[in-house]
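This report describes selected side-chain packing and strand pairing in one protein model. Please read it alongside the sequence and structure shown here.

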Amino acid sequence: MSNPVFKIVKPGLLTTIQDEGRFGYQQYGIVASGAMDPYALKMANFLVGNEANEAAIEVTVMGPEIEVLGDATLAICGGDLSPKLNGEKVPMWKSFDVKEGDRLQFGQPVQGARAYIIVAGGFDLPVVMGSKSTYLKAEIGGYEGRALAKGDVLSKIGNQKAVTGRALHHDEIPDYKRDMEIRVVPGPHLDAFTESSLDTFLSSEYEVTPQSDRMGFRLKGPKLEHETSADIISEAIPLGGIQVPASGDPIILMADRQTTGGYTRIATVISSDIPYLAQAMPGSHIRFREVTVEEAQQLSNEKERFIRTLEKVSRVGRT
């Protein structure tokens, strides 16, 4: 059984449905998509008592205006885009109740670029190839394969017992800085670059350009030079892979990245720093710091242990 919960009054800049992503189909050319900030998605689900992978509304920079059609429990995590309920400030990183007739709105971005709205029970939307995520270019998943628009109505699943007032400890709430340090593992195509290029990459500041989107962040800064060519035989691309085409301008590949690519990669952003990177706005400045594979794995394992602990707590709350 599903119940109408939201009506979109104003859609905002780019408002889509995203979960953790569509995996297992990249060998067929199907893009993974999913939340740009997977940590914020998982935390929002924990706060309302959902499974960690339940789909959210991903809000980008300028948020929507939403009419509440039925009582529900929500959480908003990620970037602070000034959410308000009936004109009053809404607490972030904490679950709260809404009632029929309420209005949820967003204002000016305070910190970060993307926020995630979760409803207890989850949104009643079709699962396409194992995911509710929207991939806009192929028009699959989410709400009719497109961004949310004025007049769209979203329903929630059932009447699951929700968790209200659950909050995340302030130590676990990310600090999304406009100027950030992002950790990377160098490679895999270092032999394609001049000897000085990696030093240039690690010692310089790069700016996120307005041409950035869910597919990738285009950076402006010192050019990176190749020994011969920027082209390679196409191969699979990981999340956070940093391509350098012939222009010498790095591109960080994000959630809607293509499945394969034919440009050299100078480094890969570690998974623990993807949520911070995902919150970068055009004009944000990035410096890169080298870490080892072992360090990256340790950081990832620590975060996964924390998330698994929260998932156990959430499961207990649902029984």
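A residue is called buried when its relative accessible area is under 20%, exposed when over 50%, and partly exposed in between (1.4 Å probe, protein chains only). Helices (H or I, at least four residues) and strands (E, at least two) are DSSP runs, numbered from the N terminus. The model is predicted: local features need pLDDT of at least 70, and side-chain atom pairs count only at pLDDT 80 or more, while totals for chains, interfaces and linings use all residues. Residues are numbered from 1 along each chain as its sequence is written, and side-chain values use heavy atoms, with hydrogens and water left out.

Strand S15 (residues 231-236) has six residues, and the number buried is zero, so the strand lies largely in the open. Strands count as paired if DSSP finds at least two bridges between them. S15 runs antiparallel to strand S18 (residues 260-263), and three bridges join them. Asp 231 has Tyr 263 of S18 as its bridge partner.

Aromatic rings come next. Rings of Phe, Tyr and Trp (its six-membered ring) pair if their centres lie within 6.5 Å; planes under 30 degrees apart count as stacked, over 60 as edge-to-face and the rest as tilted. Six aromatic pairs are counted by this rule.

Phe 201 belongs to helix H2 (residues 195-203) and Phe 288 to strand S20 (residues 285-290), so their pair ties together parts that are 87 residues apart in sequence. Phe 201 counts as buried because its relative accessibility is 0%. Phe 288 is also buried, at a relative accessible area of 3%. Ring pairs join Phe 201, Phe 288 and Tyr 206 into a cluster.

A nonpolar core is a set of buried Ala, Val, Leu, Ile, Met, Phe, Trp, Tyr and Cys residues joined through side-chain atoms within 4.5 Å. The largest such core has 74 residues, of which Phe 6, Ile 57, Ile 252 and Phe 288 touch the most other members. Helix H1 gives the most to this core, with eight residues.

Contact means heavy atoms within 4.5 Å. Not counting residues up to four places away in sequence, Ile 57 touches residues including Phe 6, Ile 66, Phe 123 and Leu 148. Leu 148 is placed in the loop between strand S10 (111-119) and strand S11 (153-157), and counts as buried because its relative accessibility is 4%. With the same exclusion, the contacts of Leu 148 include Ile 8, Pro 11, Ile 57 and Tyr 143.

Lys 42 lies in helix H1 and is buried, with a relative accessible area of 16%. Its side chain makes a polar contact (N or O atoms within 3.5 Å; within protein, one must be able to donate a hydrogen and the other to accept it, and residues adjacent in sequence count only if both atoms are side-chain atoms). The partner of Lys 42 is the side chain of Glu 20, at 3.4 Å.
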